[in-house]
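Please look through the following structure before reading the notes below. The notes are grouped by topic.

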Amino acid sequence: MSARQEIISGADMRMTYADLNERIGRLACALRANGISEGMRVGVMDWDTHRYLECFFAVPMMGAVLHTINVRLAPAQVLYTINHGQPDLIIVHEDFMPLIDKIQSSFERNIKIVPIGNGKGYEDWIGDVPSSFNFPDFDENQTATLFYTTGTTGNPKGVSYSHRKLVLHTLGLIAGFGAVPGNAGFNRDDVYMPLTPLFHVHGWGFPYAMTLLGMRQVYPGRCSPDKILRLIASEGVTFSHCVPTILSMILDHPDSLGTDLSRWKVIIGGAALSRGLQERVRAAGISLHAAYGMSETCPFLTVADLSCDDPDLRSQTGYPGPLVDLRVVTPDMRDVPNDGETTGEVVVRAPWLTQGYLGDPEASDALWAGGYLHTGDVGYIRRDGSLQVTDRLKDVIKTGGEWISSLELEDIVSDCDGVAEVAAFGIPDERWGERPMVVVVKADDALGEEDIRSVVVGKVEQGRLSKWATPERIIFIQELPKTSVGKTDKKVLRAIYGGKS
Ligand code: AMP
């Protein structure tokens, strides 16, 4: 790896790996000068920039804990995560200072705020004098990072990772995505740009893996679809990862038509990949594969077969990564047959899963009941060992004694011409327990309820779907509610339309 390899951040920051190394030392010196020492916690509220990457390394390497604060939560939840996580110092970009001003008076402890303006303040703060920092040695099981789940139920929960877990996850990602024939995974020739927020599971852990490989990296800063498209073209980005919503937004932008996306490999995770989106992606020439994981799993668990071109295989939830022991089980922890249809809960073990939730022994015990981490996802395993997640346990629609996968229903509706986005969920029904409801965002005004119903009924007639899956209600809305990381927020939909909370 060359120390001259470039890291690009936004429109105006370029540095080499040698610079990165030196700047990590300067950042550690600045933190030390501000009283940070081993075991203390450092929060970050910033866009996806080189500064974040520097914090990813400097803070844990000092023996301190990096608390990546989810800036897209509601202010009350941001306050909750700060009071719960108890950082000693928070580095804050100017765009998040109004939020700090709003909640600071409710901080339960004295927290040093380091305002960094639009980034210039950060440069002044870390100074421009080359300085080395004597990073200490410590136990590999020491906590390195802390962040909070996105809280689709109740308050966000604190999830932390040790140095050992982060290192093993990094190696697991490299083995899982790097050791594949062809060019669908990643290797040193790639140019990497993350499109999942760095506060969310360390940007899915990819920045650590890409830095270890010495890859050219591009950090987009505050993102918008046009800016992302510009960076893909100008910097020759070849590898990214994001949730489906972000990819849809990029493809919706008119500039996507004039941008060559044929060298761009994208890993989609965080939510199921619909058939509709897959079609659009294929038309744009993007190489796309699905992967699966969650906040509590660092997050890598499975990835679709990276060596195949078949769009159906590419969008499968995929094969367990190296060192991932994955089972699909009944409520009493018995394995269901790997027959490609019997569903159960996905439970896992791997050397990088979180030990539990910060300060919440009850939820931690439930997470690890029976010695496996419970994902709360429902799925099945095919004969060839690949996993298909069919739903979240709490999103399954239980109607007339049948379990309907809300994801499958969404997949079918998304395939209907004129559908931009869809969400399916259960609404209470006196007779059947629940009945399916779908809400749709139109891409074409002419789309009507009957168009959607007939697509679903067609699948029922083909035997692909249970008759119980025929929606009870179909309504059109302007926009689907989204969580802080861009996933459809079904909790909000259920609250509006009367489903279980
Ligand atoms: P989070 O902890 O916010 O990252 O959310 C993790 C959850 O997202 C998982 O438990 C799944 O329910 C869902 N998820 C992640 N990846 C996929 C995928 N490839 N297909 C379906 N659902 C997914």
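A polar side-chain atom of Arg-392 lies 2.9 Å from an oxygen atom of the ligand, a polar contact in the sense of a pair of N or O atoms within 3.5 Å. This is a predicted model, in which local features need pLDDT of at least 70 and side-chain atom pairs count only at pLDDT 80 or more, while totals for chains, interfaces and linings use all residues. Residues are numbered from 1 along each chain as its sequence is written, and side-chain values use heavy atoms, with hydrogens and water left out.

**Ligand surroundings**

- The ligand is surrounded by 13 residues, each with a heavy atom within 4 Å of it.
- The closest are Ala-291, Ser-295, Asp-377, Arg-392 and Lys-487.
- Ser-295 places a polar side-chain atom 2.8 Å from an oxygen atom of the ligand.
- Ala-291 uses its backbone instead: an N or O atom there lies 2.8 Å from a nitrogen atom of the ligand.

**Helices H1 and H2**

- Helices here are DSSP runs (H or I, at least four residues), numbered from the N terminus.
- H1 (residues 17-33) and H2 (residues 50-61) pack at about 65 degrees, with their axes 9 Å apart.
- Axes are lines fitted to C-alpha atoms over the stretch in contact, and angles run from 0 to 180 degrees between N-to-C directions.
- H1 and H2 cross in a right-handed way, meaning that the near helix is turned clockwise from the far one by less than a right angle.
- Residues in this contact (heavy atoms within 4.5 Å) include Leu-20, Ile-24 and Leu-27 of H1 and Leu-53, Phe-57 and Val-59 of H2.
- The contact of H1 with H2 has eleven nonpolar, one polar and two charged residues.
- Ala, Val, Leu, Ile, Met, Phe, Trp, Tyr, Cys and Pro count as nonpolar, Asp, Glu, Lys and Arg as charged, and the others, Gly among them, as polar.

**Helices H2 and H8**

- The axes of H2 and H8 (residues 206-213) come within 10 Å and cross at roughly 85 degrees.
- H2 and H8 are therefore roughly perpendicular (65 to 115 degrees).
- Leu-53, Phe-56, Phe-57 and Pro-60 of H2 meet Pro-207, Tyr-208 and Thr-211 of H8.

**Helices H14 and H15**

- H14 (residues 406-414) packs on H15 (residues 449-461) at an angle of about 120 degrees, with the axes 9 Å apart.
- The crossing of H14 and H15 is right-handed.
- On the H14 side, the contact involves Leu-409, Ile-412 and Val-413.
- On the H15 side are Ile-452, Val-455, Val-456 and Lys-459.
- This contact divides into six nonpolar, no polar and one charged residue.

Note on methods: Helix = DSSP H or I, 4+ residues; strand = E, 2+ residues; numbered from the N terminus. Polar contact = N/O pair within 3.5 Å; in protein donor to acceptor, adjacent residues only side chain to side chain. Parallel < 35°, antiparallel > 145°, perpendicular 65-115°, else oblique.
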